[in-house]
Amino acid sequence: MEKLAWVVDEISGSPYADRFVYVPFNEPDFIWYGLSTGNPALYQQRMQRFLGHWKTAVEYIREHHPGARVAGLNDATFRARNYRDFL
């Protein structure tokens, strides 16, 4: 959150703030959360953790940069299950 706060502060103060799109997580399925597991229980646990972190990050961005655009899910590999659960 410390890094996110710094980025949001920098971008929201920019004269080009309306041109930015935030991508809070890059490849969360691979690098961050290991969502490619074949174990359904482990997947659910990890996805719930990711969704909680996603919600916290997006709420922070929108609170401190009204009108900000946010992109996601941004997985490394397309998995319909991940997108279904995300949406």
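Of the 87 residues of the chain, 30% count as buried, where buried stands for a relative accessible area under 20%, exposed for one over 50%, and partly exposed for what lies in between (1.4 Å probe, protein chains only). The model is a predicted one, in which local features need pLDDT of at least 70 and side-chain atom pairs count only at pLDDT 80 or more, while totals for chains, interfaces and linings use all residues. Residues are numbered from 1 along each chain as its sequence is written, and side-chain values use heavy atoms, with hydrogens and water left out.

The chain has four helices and two strands, arranged along the sequence in the pattern α-β-α-α-β-α; helices (H or I, at least four residues) and strands (E, at least two) are DSSP runs, numbered from the N terminus. The C-alpha trace spans about 45 × 20 × 20 Å along its principal axes. Among contacts (heavy atoms within 4.5 Å) between residues at least 6 apart in sequence, 62% join residues at least 24 apart.

Leu4, Val8 and Ile11 of α1 are buried. Seen down the helix axis, these buried residues fall within an arc of 70°, so they line one face of α1; the arc is taken from the directions running from the helix axis to the C-beta atoms. Glu2, Lys3, Trp6 and Asp9, on the other side of α1, are exposed. The cover over the buried residues of α1 includes β1 (21–22) and α3.

Histidine 65 sits in the loop between α3 and β2 (69–70). This histidine 65 is buried, with a relative accessible area of 8%. Apart from neighbours within four places in sequence, histidine 65 is in contact with Val8, Ile11, Ser12, Ala17 and Tyr22.

Finally, there is the largest pocket, with a volume of about 300 Å³. A pocket here is an open set of points on a 1 Å grid over the protein atoms alone, where a 1.4 Å probe fits and protein lies on both sides within 12 Å along at least five of seven lines; lining residues have an atom within 4 Å of a point. The volume is the space filled by probe spheres set on the points, which are joined across faces, edges and corners. Residues lining the largest pocket include Met1, Leu4, Tyr22, Phe25, Trp32 and His53. Both α1 (2–12) and α3 (40–64) supply at least two residues each of this lining.
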